[in-house]
Amino acid sequence: MRDPVKKLLAVLAVVALCTASFLGVFLRPGLVGHTWDWGIPAFAEQFASMARHHFSTWDAYFETGRYHYFKLELLYWQLITPLAAIGGEWMSKLLPWAFVTASGLAMLPLARRLGLNWFYATLAALFYGLSPYTYSRVVAGHMPMLAGFALIPLLLLAFFNLVERVRLKGRLSPRLVIVCGLTLGLTSLHPSVGVGSVAILSLVTLYFLVRGPGRARLLTALGLIFSLALLMNIHFMAPFLADYLGKGAIRHGWGLSASAKGEVTVDTELPMREGFHQSTSQPVDAVIRLDLRPGMDTEYAFPSPSGMRLPWVASSLILAGLALCSFMARGRRAAAPAETVSGQSGGQGAGCCACGPRTGREEANALFLVAVVGVLLVCGSRTPFGFAFYQWLLKGLVPILFAAFSNTTRWLPLIVTAYALLAFRLPQAWEEGGLKRPWLLRAGMLAVVLVFVSPFLGQKLLDNSPKDKIPQPLALKHTPVNPEDAKVYSFLRDQRDGFRVAYLPPVGISWPGDSPYGYEWSSAYSPKPFFLAFYNNPLGNEIIKTMFAEQPSPHLDRLFGLASVKYLVYPHDAFFISYQDFQPGYQGSPVVDGFKNYKPVLDRALSLQSGLTRVARFETVDLYRNPLAAPYVMAADQLLAVADASGDGADLVAASLPDVTGLDMYRPGQALVSAGNNPGFLALLGRVMGPESGQDRERAFLSDRSGKRQALVYRGRRYEPPSVEFRRLGPTACVVRLSGVREGVPLLFQETFHHGWRAYLMPAADEETGVRPASLAPGYRVFADNEAEQASPDELQDYVAKGFVSTLGDGATKIRRADVYGPGGRVVGTRTDEFTVDFVSKRFLTTVQNDNLAKPPLSAAWDEGSLDPADPARLGDSAADPLSPSFWRASGASEGRAMPWPELLHWQAQGYANVWWIEPEILKCLGPDASRYVRPNPAGGVDMEFVIEFRPQRFYLMGLVASGVTVALALSALAALSARAGLRGPVRNAEKGGGSGRG
């Protein structure tokens, strides 16, 4: 049989068996997921929004925002988003099938490269593609890990060819170095796969360094490969290294120590990871057979079909034994030409030795080292090697890797890759050694492999075992895309107002059973930023506790309003359990796995709310509107200072909010800050809040039931806030226009406090030369479903007349498109909306969201001046007055640069948010250049314009450019080298032909 025919049959066999493994998944209706880490969105626009999120280092969609630079899945989302029009249902089925099939197909050329004939190469591909690792990743929903795993064989194929070039020809191959570097960089779609790939290459290189020759060139090649992979990912590696080396912060993933008290660091994480590591370390015999303890903690599942347990154990023993005894493979030194790998330059089909059964023997020996080390790593601290590696090397020198690999099963790719290539060398050597009836051996090996991959073939992906036998969701679950999901999604998407949405019950601590709704699993893909999913947000943590308390707060509208939550979405689930028991004496039924049903508690809490308005819009989903939802930006008219009554200076703002919002002195529009115990800040706070005497400094004493938390709340004087217009420019920037600033005022920005958020005072624009707002107002209309939040035409006319709205844009026609969804989340149509005047919100106190404000250039604030203390030594001096212009020294104002507002006047408010004290008096330090930045307002005061920007985004974008340039240059060099090689080929052939003719 010709080699191309064998190749075609091998490919067809791999595709057919992988497809058969997913046949039940394809045929069962519904979106795959609702278990473990599954998170395939239902709708195309959710894919698109996630693709956009990965260009931002600030996750504005997540709770109240977070700094998160680990955007490893950026390319993954860019590639799959164009396919999303088929709907989330089929995307959730086709993605795992595609990655599993790709894993098997990628193994075929590598197996051939190591000398396996087409039959055994096919078995190797089936073993790799349908391995316990891919099964576990499918069940867990770890698609990026599967994508990286599918690339490992291609990485090894290129690296082995590079090693051969170095050892046989004594020179590097630039093309292979580039291919290896690019492929290694792509395996980092998930860090565990990327680090595992680095480990495989390092072990293989170590073997060849010991064996020689070409040691220096091998080390050079490996260094170049690692450097290229690092530069490909420099956009997240640079901030990670700076963050980790600077303060030990871990921003990838949640972390076991995630809480509302602070960020996850190595110091907070290691104690919990140590216990996790001890529980996931596996016995040596189980690791050798790839028969690990299943569970969500071990991230492992590979259940054998009913009645197949003993055959499966036997097959695992056979395959493991063959792999670990592969060094015994011998045979003839010559092989049939049909069984050699052709088409490789420089005798690559021969590996590092002669062709035939010894083809790839050196590579196989290197992989034997990989297999042994992989077994020891997965065993964890149960072996002396593992104990030394984890407890001394990783924990002592690289604790971030200990935290990442405390779950030892993440090293499984080392074992699976090595086994797939080693387990079939000995049977093939027996055949080529003159074994009688080789077909019998082949039949036996085929049966062994089919039994081993029987969890896939036996449709165990859809296992519905009773919970007393399978206590954790270790199988896939299908849930049809509920029509109400699409309706709620479309309603929220079409709201032009900026706000957050809370999906109830909180998904991070609740489980609604077999819910027909998708909010439990897809809140991260919400069209508006989601809030209250987890308890590691300071304000969210307090809301959750008071919402489920025996005596819940009747002011949830005020608490949610502080987080800018406009809508609460509450589907009609029959029950939901809470993983946190808020009322030990409460008897909730049904009780599932010891967890109580807390739905009656939440129902009662919502029934007590007079401020939340129920919107009768959906049949099976309750929607509550919160009229007190604060806009993303607003000028507060009063400060409340929360002080620790014990004198310790603790920040009790978030913990006190449920009590503060019930006080008579509280009302929306106030900013709450922590008094702390810094003398300099207390003096500054006293100046901005007003005099100590009189009613303005009203105070209240708060104490929890235990008396452990005691706080004093002080209310300052009232301010005259200016009119505020703002427009969000994406997750990391916002333009703010203040009109009529007469005195110092707190400017609130409702994203999680971070010193990376900076407010830049921008040079005042020239007098408006565009279209006058009054002339555009007649063409203004209210968008569909925005009647509750958008200013009516009459209100807009009033806003323009009073100067509350300064611009309505340039009058150009704009187009907005929105998808219409059908069954399975499939796109069945598109709705187009044309307009000339964009959204203008109703006025909240003095604030208007005006999406017609001009969008400044991306780098508008990058050309910075400075506004620093004239005498840094006086920063902690309580006698110094930071509100005085003499306290400050400015530079760059004469050039009209963006002036960063002083960080001394940037505080945390509302328990989580940012607030800047905007004091126009200090602008006098600019001298005559102050006129560049402020304009007199006809009604009094001055007008100012700020750009609020998350400054680390600049460096992330620079890193993205560097990563993109690296990939572009690498691909260009690869194309140039390939073209040059293509041109040299015909010349060499012609020379050879001419030489033979002359002979």
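How many helices and strands does the secondary structure of the protein comprise? The assignment comes to 32 helices and 28 strands, where helices (H or I, at least four residues) and strands (E, at least two) are DSSP runs numbered from the N terminus. The model is predicted, so that local features require pLDDT of at least 70 and side-chain atom pairs count only at pLDDT 80 or more, while totals for chains, interfaces and linings use all residues. Residues are numbered from 1 along each chain as its sequence is written, and side-chain values use heavy atoms, with hydrogens and water left out.

Of the 999 residues in the protein, 57% are buried (under 20% relative accessible area, with exposed meaning over 50% and partly exposed in between; 1.4 Å probe, protein chains only). The accessible surface comes to about 39,400 Å², and carbon and sulfur atoms contribute 60% of this area (Shrake-Rupley method, 1.4 Å probe; for residues, only the protein chains shown count as cover). Among contacts (heavy atoms within 4.5 Å) between residues at least 6 apart in sequence, 75% join residues at least 24 apart.

Five strands form an open sheet in the order β5-β3-β6-β9-β8, with mixed pairing; two strands pair if DSSP finds at least two bridges between them. The pairing of β5 with β3 (residues 500–503) is parallel and spans two bridges, with Val-501 opposite Phe-530 of β5. Helix α27 (residues 599–607) lies across β6 (565–571) and β9 (621–625), at about 140 degrees to β6 (axes are lines fitted to C-alpha atoms, for helices over the stretch in contact, and angles run from 0 to 180 degrees between N-to-C directions).

Helix α28 (residues 653–660) is largely enclosed by the rest of the structure, because six of its eight residues are buried. These are Val-653, Ala-654, Ser-656, Leu-657, Pro-658 and Val-660. The buried residues of α28 pack against helices α25 (538–547) and α26 (556–562), and against strands β11 (638–644), β12 (670–674), β13 (699–703) and β14 (710–718).

Strands β25 (residues 906–909) and β26 (residues 913–918) pair in the antiparallel sense over four bridges, and Trp-907 stands opposite Val-915 in β26. Three residues lie between the strands of this hairpin, in which Gln-910 takes a positive phi near 60 degrees.

Aromatic pairs number 54, a pair being rings of Phe, Tyr and Trp (its six-membered ring) with centres within 6.5 Å; planes under 30 degrees apart count as stacked, over 60 as edge-to-face and the rest as tilted. The pair of Phe-302 and Trp-312 is edge-to-face, because the planes stand at 65 degrees, with the ring centres 6.0 Å apart. Phe-302 belongs to the loop between α14 (284–288) and α15 (309–324), and Trp-312 to helix α15. Phe-302 is buried at a relative accessible area of 6%, as is Trp-312 at 1%. A tilted pair is formed by Tyr-799 and Phe-804, with 6.2 Å between centres and 55 degrees between planes; Tyr-799 is buried at 8% relative accessible area, and Phe-804 counts as buried at 17%.

Arg-816 lies over the face of Phe-783, at 5.5 Å from the ring centre.

How values were computed
A charge sits over a ring if NZ of Lys or CZ of Arg is within 6 Å of the ring centre and within 35 degrees of the ring normal.
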